[in-house]
Amino acid sequence: MPVKSTTRETMAWSESVDTLLADKDGLAAFRTFLKSEFSEENIEFWLACEDFRKTKSSTKIASKAQKIYSDFIQADAPKEINIDFRTRNHISQNISEPTLSCFDDAQRLIYSLMAKDSFPRFLRSEEYKELVNKQQDGNQKRWLPFL
């Protein structure tokens, strides 16, 4: 996973999920990690919701909502996310007239799941540790060429 972030930026990812997700390289590294854990549907759903919320056209709102619903929410969806029955049922009942906030509860649940479960595992992962170590080694060589 090629990363262009500085050591400081990479280490800052450990501060919060928001910091990680706001950084292009952090998001890419986290996504790769989630793929290795077979849970990339969580980040894909979160990103789809972020994109959906920026939608201006009412026709696009309907088509994007239906795509998110069929990809992530409906039973046996190809990338079905793990949300409770009440949240899934509420979305299913309202998907025929979607609003920009129709996925907010599900997105909050998935964000919370990533923050409490996947994010700490990512920070303990060998991938993250290697990334930080590689960058620190590179920085030492740059600043201390005699080492």
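Predicted model: local features only at pLDDT ≥ 70, side-chain atom pairs only at ≥ 80, totals over all residues.

Residues are numbered from 1 along each chain as its sequence is written, and side-chain values use heavy atoms, with hydrogens and water left out.

Start with helix 3, residues 24-36. Helices here are DSSP runs of H or I, at least four residues, numbered from the N terminus. The expected span is 1.5 Å times one less than the number of residues.

At the N-terminal end, Asp23 is the cap: one of its side-chain oxygens lies 3.0 Å from the backbone nitrogen of Asp25. After the helix comes Phe38, with a positive phi near 60°.

Which residues of helix 3 are buried? Buried means under 20% relative accessible area, exposed over 50%, and partly exposed in between, with a 1.4 Å probe and protein chains only. The buried ones are Asp25, Gly26, Leu27, Ala29, Phe30, Phe33 and Leu34.

Thr32 also sits in helix 3. Thr32 is partly exposed, because its relative accessible area is 40%. Its C-alpha is 9.4 Å from that of Glu127, 95 residues apart along the chain.

Last, Pro120, in helix 7, residues 104-124. At 23% relative accessible area, Pro120 is partly exposed. Pro120 and Ser14 are 106 residues apart in sequence, yet their C-alpha atoms are 8.5 Å apart.

Note on methods: Helix = DSSP H or I, 4+ residues; strand = E, 2+ residues; numbered from the N terminus. Polar contact = N/O pair within 3.5 Å; in protein donor to acceptor, adjacent residues only side chain to side chain.
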